[in-house]
Number of protein chains: 2
Amino acid sequence: MKIDIDGIQAFVLVAELGGFHQAAEKLHISQTALSRRVQKLERYLGLKLLDRTTRSVALTSVGRDFFPRALRLVDDLSGSIARLQDMSRASSGDVVVACVPTMAYQQLPGVIRAYAARYPANRVRVLDRSGVQIVDAVRSGEAELGIGLKLARNPDLVEQTILRDPFVLYCHKDHPASRRAALSWKALAEFDLIAISGTSVNRALLDHRLQRHGIALRGRFEVEHPSTAISLVAAGVGAAVLPAATLLRGSFPDVRRVTLEHPLISRTIVQFVKRGVTLSPAAEAFHALLRRTIVSAGAGGIDGRRASRDLVVSRKRPDDRD
Amino acid sequence: MKIDIDGIQAFVLVAELGGFHQAAEKLHISQTALSRRVQKLERYLGLKLLDRTTRSVALTSVGRDFFPRALRLVDDLSGSIARLQDMSRASSGDVVVACVPTMAYQQLPGVIRAYAARYPANRVRVLDRSGVQIVDAVRSGEAELGIGLKLARNPDLVEQTILRDPFVLYCHKDHPASRRAALSWKALAEFDLIAISGTSVNRALLDHRLQRHGIALRGRFEVEHPSTAISLVAAGVGAAVLPAATLLRGSFPDVRRVTLEHPLISRTIVQFVKRGVTLSPAAEAFHALLRRTIVSAGAGGIDGRRASRDLVVSRKRPDDRD
DNA sequence: CTATTTTCATGCGTCGTGTGCATCAATCCG
DNA sequence: CGGATTGATGCACACGACGCATGAAAATAG
């Protein structure tokens with residue numbers, strides 16, 4: 001019932017090299033051992049595969065029949081094995097990351113660029129979805145890594161903070177607030193604010209936090225997507241309270257960022273994986289890279305690289321479903 | 001450098017059955033051993049293939065990747081092995097037999113019929129060639145078995161007599177010789193004989209043997225092929241000296257066979273194989289069957305069965321290149 | 001909420017099997 | 001005819017795989 005792959009490999013090598021000695025050398029075993037391997041295989045099969053005179057070796061008709069198949073088997077096998085070992089050694093393979101759109105469009109491209117530079121053979125697939133869908137994707141195994149807002153305690157996920165993204169005020173450089181280094185939330189009352197509509201998770205989070213401090217934001221304008229809000233800000237319509245990471249440095253020269261304090265409110269971006277699952281080497285490498293990259297970039301977010309800027313301006317439907 | 005097929009099989013089974021216990025049972029080993037096999041494979045690959053909680057087993061992403069390939073490998077392997085074992089157990093496989101035309105058309109069909117009945121799955125290929133080509137075919141391995149005239153001592157072939165085919169006189173039932181049970185060669189002088197042309201190996205053999213007894217055959221008519229000679233005999237033209245096996249019993253009702261003696265001269269048909277080579281089980285079975293069949297049929301040859309008769313009358317170019 | 005059962009991992013002693021060394025038998029070559 | 005090469009065999013040994021007993025963790029039952 002037991003398959004003798006050593007015997008088959010031995011047979012193949014002897015047949016290929018036309019002798020036990022050469023084959024034994026190639027396998028780094030003694031001729032004795034090799035001889036017995038073939039004997040064992042033949043005994044097991046009940047067939048003679050090789051006709052051996054004391055001087056030379058020749059395939060029997062059965063052996064001739066078996067040889068090509070045996071060769072393919074051995075090759076397939078060692079090929080697959082080699083590929084797997086390589087996968088482990090070089091952290092190669094494919095990665096699927098589920099990510100909220102904001103991050104996917106603004107922070108992630110830089111990380112992916114670094115990852116691609118380091119692991120040129122690896123492919124990365126990004127699922128840009130909304131928060132719950134990301135969790136589902138990770139839970140189901142569709143994605144190995146998830147990136148999104150810090151969630152309610154989730155026992156079957158293991159999360160790790162990669163970014164604390166403070167809510168700030170974005171305003172035009174001519175806006176009165178632009179001269180201030182920081183503002184308190186209360187002070188916002190005097191400005192016309194552009195608000196994100198209540199369906200946004202960001203907005204919900206913000207309201208919830210502010211509520212604990214007895215503060216309620218009132219928007220004069222309301223839009224659905226942060227990028228729309230930014231556009232309005234750039235046009236001088238008003239100021240907008242948004243996560244800092246919404247705007248990549250440099251993309252809107254006329255827009256200024258003003259810190260909002262008392263209290264400092266941040267949304268926390270985390271990466272998470274399913275508890276108990278082992279990441280593929282490729283995903284593991286991505287995970288590590290993401291952690292290091294974001295941490296070193298600090299809470300202000302990564303600088304917008306050209307790649308990410310391009311992505312941002314070409315966005316078809318920028319939204320904040322996270 | 002060593003491939004761990006047991007580990008792969010273990011992995012496949014655990015993944016298929018979703019647990020170590022079930023898999024261990026199926027492999028008839030303890031759960032302990034199975035557990036260690038998978039561990040060893042993983043250590044060897046440097047990868048985790050299975051995420052095992054103490055309660056259940058799940059594939060890692062790498063494992064999911066590897067599983068289909070592993071499955072195919074194991075299946076291919078055990079499939080090939082099984083086929084080979086079957087080949088040995090059931091003497092299955094293909095046979096190539098090189099055979100002189102006379103035998104191929106007259107004696108062999110019966111043997112093949114018996115062989116086909118006994119080994120329904122096996123295919124038989126007959127190379128009907130002349131004497132030297134048969135030897136070459138066996139030498140080169142193109143055919144495993146050769147059937148032909150006994151040859152000059154051939155050190156690299158092993159031969160075995162399967163038929164002694166005496167030269168006899170074939171004559172029409174109205175021919176004066178037909179009433180005799182036997183004739184001496186000398187007595188032939190008084191008859192008009194149909195001779196086979198000198199290029200025939202049979203004729204050469206015959207002349208050579210007769211020469212030692214100071215006898216020379218003189219033909220009034222000369223043809224090239226035995227079957228033509230038979231036709232002439234049937235037409236009452238004359239009598240012909242031919243190997244007994246040339247005519248299958250019953251195919252020419254009006255033709256009689258008369259034994260020729262003083263001396264009895266036979267050609268010897270042998271089957272031979274290359275020295276030192278191991279026959280495939282299929283060929284081995286054919287070899288054994290051929291020996292038993294012919295021996296039991298005796299020197300007179302096998303009765304013509306319908307199959308062989310049909311073959312004979314439909315022959316496009318009956319000759320005696322043997 | 002504890003007890004039981006199930007499931008996978010681990011420590012340990014044992015046995016099997018594959019291995020190498022030395023040697024033999026047969027063939028090739030000078 | 002003798003040395004060299006090639007594959008097979010006898011023998012002793014050691015590594016490794018195995019099973020048993022046990023442990024840890026988690027699902028299930030009462």
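## Contacts with DNA strand D

In this predicted model, a polar side-chain atom of Lys40(B) sits 2.6 Å from a phosphate oxygen of DNA strand D. A base is contacted by Thr54(A), where a backbone N or O atom lies 2.9 Å from a base oxygen of DNA strand D.

DNA strand D is surrounded by 22 residues, and the closest are Ser35(A), Arg52(A), Arg55(A), Arg36(B) and Arg37(B). Of the atoms of DNA strand D that come within 4 Å of the protein, 63% belong to sugar and phosphate. Sorted by class, the residues of this surface are 11 polar, seven charged and four nonpolar.

## Aromatic pairs

Over all chains, the count of aromatic pairs is eight. One of them is formed by Phe11(A) and Phe66(A), which are stacked, with 5.5 Å centre to centre and 15° between the planes. Phe11(A) belongs to helix H1 (residues 5-17) of chain A and Phe66(A) to helix H4 (residues 61-89) of chain A; the pair links distant parts of the chain, 55 residues apart. Both Phe11(A) and Phe66(A) are buried. Together with Phe67(A), Phe11(A) and Phe66(A) form one aromatic cluster.

In chain B, Tyr115(B) and Phe286(B) form an edge-to-face pair, with 5.0 Å centre to centre and 65° between the planes. Tyr115(B) is in helix H6 (residues 108-118) of chain B and Phe286(B) in helix H10 (residues 281-297) of chain B, so the pair ties together parts 171 residues apart in sequence. Tyr115(B) and Phe286(B) are both buried.

Ala177(B) is located in the loop between strand S6 (157-172) and strand S7 (182-184) of chain B.

Leaving aside residues up to four places away in sequence, Ala177(B) touches Leu169(B), Cys171(B), Leu183(B), Phe191(B) and Val258(B). Ala187(B) is 10 residues from Ala177(B) in sequence, and the C-alpha to C-alpha separation of Ala177(B) and Ala187(B) is 9.7 Å.

Technical notes:
Residues are numbered from 1 along each chain as its sequence is written. Chains are lettered from A and ligands numbered from 1 in the order in which they are written. This is a predicted model: local features need pLDDT of at least 70, side-chain atom pairs count only at pLDDT 80 or more; totals for chains, interfaces and linings use all residues. Side-chain values use heavy atoms; hydrogens and water are left out. A residue is near a molecule or strand if one of its heavy atoms lies within 4 Å of it. A polar contact is a pair of N or O atoms within 3.5 Å; within protein, one must be able to donate a hydrogen and the other to accept it, and residues adjacent in sequence count only if both atoms are side-chain atoms. Ala, Val, Leu, Ile, Met, Phe, Trp, Tyr, Cys and Pro count as nonpolar, Asp, Glu, Lys and Arg as charged, and the others, Gly among them, as polar. Rings of Phe, Tyr and Trp (its six-membered ring) pair if their centres lie within 6.5 Å; planes under 30 degrees apart count as stacked, over 60 as edge-to-face and the rest as tilted. Helices (H or I, at least four residues) and strands (E, at least two) are DSSP runs, numbered from the N terminus. Buried means under 20% relative accessible area, exposed over 50%, partly exposed in between (1.4 Å probe, protein chains only). Contact means heavy atoms within 4.5 Å.
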